[in-house]
Amino acid sequence: MKSFSLPIKWKLTLWYGGILALILVTFSSGVYIYFQNSLQKSIDTKIKSIAEVLASSMTEAHGQSLFGNFERYLENALGKKPKGKFIQIIDASGKIGARLNDLEAEAVPVSFVTLERALKGETVYETLESARPRLRMITMPILDAKKVTSIVQVGSSLEEFEDTMKRLLIIMIISIITSISATIVVGYFMAKKTMKPVDQIRRAAVKISSTNLDERIDIKKGRKDEMGRLAETFNAMISRLKDSFQRINQFSIDVSHELKTPLTILKGETELALRKERTNEEYIRSLQSNLEEIDRMSRIIDDLLLLSKAETKDIGMNLDKIELRDLVADVCLNMKLFGENKGVDVVVRELEDIRIIGDELKLRRMITNVVENGIKYGHPGGHVTVSSCKQNGFACINVEDDGPGISPEDIKYIFDRFYRADRSRKRESGSGLGLSISKWIAEAHNGTIEVESKPAAGSLFTIKLPMS
Ligand code: ADP
């Protein structure tokens with residue numbers, strides 16, 4: 001069963017909303033509790049100060065009856081008429097001596113436990129939940145010579161306090177809901193906008209196949225953020241894939257073409273030989289010609305095998321200490337005869353004493369390829385000059401010829417597989433794999449191979465290999 005997964009834009013939005021809700025609720029609860037406590041404290045301070053004023057004025061009066069007009073007495077003692085308060089004086093026997101009730105409350109019950117505690121000299125604060133409105137009440141003993149003579153009770157209505165707290169709660173709830181809704185809406189649109197290129201990439205990826213590599217993601221110009229870079233990287237990857245596919249295509253065409261020519265010749269030669277009775281010499285000539293084509297095909301196949309193994313790094317290197325001077329001299333000696341046949345002189349000049357670490361067979365093949373090319377493409381009477389030297393920690397082998405040179409258009413491609421500068425040249429000139437193999441050998445030794453050339457003036461191939 002396909003499991004459902006919430007889209008990222010929704011996940012992001014819900015995360016924003018959730019975290020914001022948590023922060024706001026925690027913060028608002030803190031503010032609410034702090035506000036509630038400080039309001040309650042200020043009510044307690046107010047009723048305590050009234051109770052204290054009354055207690056001290058009554059102590060001074062030494063138990064005289066002051067309650068003739070309790071309201072006036074309070075006005076005198078407190079300096080103003082107490083508003084919204086419940087005040088009563090209880091004597092030591094528990095009898096209510098005087099009372100002022102400026103509340104819209106019914107009779108306020110006097111708790112027996114509270115009175116008991118007050119009679120023991122304790123000041124008691126309590127919230128009377130059953131009173132309507134709820135009351136905050138202080139019960140304070142009045143002492144005369146360390147003896148409780150009477151008790152004063154001051155109560156204040158909590159109606160205003162409750163109203164304030166209720167209003168604060170409503171404001172908080174509305175602000176929390178509004179901020180979270182706004183965050184969810186804005187967050188959703190932002191996440192949607194951010195994720196748009198990802199969706200485009202997905203849609204483009206669905207359309208892409210080996211036959212459709214022209215699909216690209218349309219990124220807004222100048223978008224340089226992560227999403228812009230992701231889209232750019234994706235586009236670059238498709239371009240590289242397109243290049244690779246094209247190269248593979250071209251490669252298959254080239255391989256078929258290279259193998260088709262010798263096969264056609266083989267077929268033609270064989271058909272011709274079989275057309276009528278031939279002499280032994282004619283058969284031998286025909287078989288020799290066929291053998292040449294077979295040799296050519298197996299050389300191409302060997303080279304291709306080597307290159308594909310090189311690409312998959314599936315090729316071993318037989319590393320050894322090599323005296324470069326001996327190796328170059330030996331290659332040149334072997335090539336001299338081939339040069340003589342073509343009328344090109346192979347000249348060896350300044351071979352320095354250099355030791356390198358490498359695979360001798362492969363290095364021999366690389367140098368042979370380059371010297372052989374100088375001879376193959378050289379004019380009769382021309383020269384191929386070979387020298388070697390040390391340069392910045394590298395061993396350099398220079399192979400210079402005075403042949404036809406390579407045009408600037410061709411020079412970029414001569415190290416590519418099957419590339420031949422002049423395709424109309426004789427087939428015997430080669431299959432176009434020699435320099436790509438040489439390049440791989442140089443790079444496998446952490447070296448380079450470069451060429452400088454001017455048409456009609458000759459070419460200079462420089463191989464650089466790290467010294468041991
Ligand atoms: P090939 O087997 O055709 O020689 P290479 O890979 O060795 O293949 O060389 C690729 C192409 O580079 C050749 O076909 C030729 O056109 C050009 N080239 C290589 N070396 C020389 C040179 N010394 N002078 C002129 N052209 C050269």
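Colleague: How many residues surround the ligand, and which are the closest?

Modeller: A residue is near a molecule if one of its heavy atoms lies within 4 Å of it. Here 21 residues surround the ligand. The closest are N373, Y377, D401, A421 and L435. Two points on reading the model. It is predicted, so local features need pLDDT of at least 70 and side-chain atom pairs count only at pLDDT 80 or more, while totals for chains, interfaces and linings use all residues. Residues are numbered from 1 along each chain as its sequence is written, and side-chain values use heavy atoms, with hydrogens and water left out.

Colleague: Which polar atoms lie 2.9 Å, 3.1 Å or 2.7 Å from ligand atoms?

Modeller: A polar contact is a pair of N or O atoms within 3.5 Å; within protein, one must be able to donate a hydrogen and the other to accept it, and residues adjacent in sequence count only if both atoms are side-chain atoms. D401 places a polar side-chain atom 2.9 Å from a ligand nitrogen. G432 has a backbone N or O atom 3.1 Å from a ligand oxygen. For L435, a polar backbone atom is 2.7 Å from an oxygen of the ligand.

Colleague: How much of the ligand's accessible area does the protein cover?

Modeller: Accessible areas come from the Shrake-Rupley method with a 1.4 Å probe; for residues, only the protein chains shown count as cover. On its own the ligand has 530 Å² of accessible area, and the protein covers 97% of that.

Colleague: Which elements give two or more residues to the shell around the ligand?

Modeller: Helices (H or I, at least four residues) and strands (E, at least two) are DSSP runs, numbered from the N terminus. The elements are α8 (360-376), α10 (434-444) and β12 (458-466). The largest share, 3 residues, comes from α8.

Colleague: Which residues of α10 are buried, and what do they pack against?

Modeller: Buried means under 20% relative accessible area, exposed over 50%, partly exposed in between (1.4 Å probe, protein chains only). In α10 the buried residues are L435, S436, I437, S438, W440, I441 and A442. They pack against α6 (280-311), α8, β11 (448-454) and β12; contact means heavy atoms within 4.5 Å. Just after α10, N446 takes a positive phi of about 60°.

Colleague: Which residues have the most contacts inside the largest nonpolar core?

Modeller: A nonpolar core is a set of buried Ala, Val, Leu, Ile, Met, Phe, Trp, Tyr and Cys residues joined through side-chain atoms within 4.5 Å. The largest has 47 residues, with V371, I397 and F461 making the most contacts inside it. This core draws at least three residues from each of domain 2 (226-311) and domain 3 (320-466). Those bounds come from an automatic or database domain assignment. V371 touches M335, V346, V384, V386 and V399, not counting residues up to four places away in sequence. A second, separate core of 18 residues includes I50, L74, I89 and V152.

Colleague: How many residues of domain 2 are in contact with domain 3?

Modeller: 17 residues of domain 2 are in contact with 11 of domain 3. The C-alpha centres of these two domains lie 24 Å apart. The assignment also gives domain 1 (8-163).

Colleague: Is D359 buried or exposed?

Modeller: D359 is buried, because its relative accessibility is 4%. D359 is found in strand β8 (residues 355-359). Not counting residues up to four places away in sequence, D359 touches G316, M317, N318, L319, I322 and H445.

Colleague: Why does S57 count as buried?

Modeller: Because its relative accessibility is 19%. S57 lies in helix α1 (residues 8-60). Its side chain reaches the backbone oxygen of L54 at 3.0 Å.
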